[in-house]
Amino acid sequence: MMTEAPFLPRERLFKQQHYFQNLTKHTYLKGRFDVITSVAIPLALAGTSMFMIGRGVYNMSHGIGKKE
């Protein structure tokens with residue numbers, strides 16, 4: 001039987017497992033770029049949506065952009 005070669009060498013995999021299991025941060029913030037995907041992008045989406053909602057409420061209350 002043929003077996004597939006592993007994606008990573010076993011020593012490197014053990015080293016990464018040891019690194020991630022000994023971190024004291026939250027699980028979703030353990031990687032290098034996890035902060036970007038878990039924190040920055042949702043904050044940007046929330047900020048943009050709040051701005052657009054606020055602008056819409058302002059325009060509605062002042063009658064801006066109303067069709068005749």
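**A tour along helix α2**

Select residues 35–58. This stretch is 100% helix and 0% strand, and its end C-alpha atoms lie 33 Å apart. UniProt, in an unreviewed entry, lists residues 35–58 as "transmembrane region". Keep in mind that you are looking at a predicted model.

Now zoom out to the whole chain. It holds two helices and zero strands. How much of the chain is buried? Buried residues make up 4% of its 68 residues. The chain exposes about 6900 Å², and carbon and sulfur atoms supply 64% of that area.

Next, select residues 34–62. This is helix α2.

Follow α2 to alanine 40. Where is the kink? A kink of about 30 degrees lies at alanine 40, shortly before proline 42.

Now select Phe33, Ile36, Ile41 and Leu45. Together they make a nonpolar surface patch of about 430 Å². Pick out isoleucine 36, which sits in α2. Is isoleucine 36 buried, exposed or partly exposed? It counts as partly exposed, because its relative accessibility is 46%, between the limits of 20% for buried and 50% for exposed.

Last stop: glycine 63. This residue comes just after α2 and takes a positive phi of about 75 degrees.

Note on methods: Residues are numbered from 1 along each chain as its sequence is written. This is a predicted model: local features need pLDDT of at least 70, side-chain atom pairs count only at pLDDT 80 or more; totals for chains, interfaces and linings use all residues. Side-chain values use heavy atoms; hydrogens and water are left out. Patches are made of residues with over 30% relative accessible area and no salt bridge: like charges are joined within 9 Å, nonpolar side chains (Val, Leu, Ile, Met, Phe, Trp, Tyr) within 5 Å. Accessible areas come from the Shrake-Rupley method with a 1.4 Å probe; for residues, only the protein chains shown count as cover. A salt bridge is a side-chain nitrogen of Lys or Arg within 4 Å of a carboxyl oxygen of Asp or Glu. Helices (H or I, at least four residues) and strands (E, at least two) are DSSP runs, numbered from the N terminus. Buried means under 20% relative accessible area, exposed over 50%, partly exposed in between (1.4 Å probe, protein chains only). UniProt positions are given in the numbering used here, feature names are shortened, and annotations may be inferred rather than shown by experiment. The bend at a residue is the angle between axes fitted to the seven residues ending there and the seven starting there.
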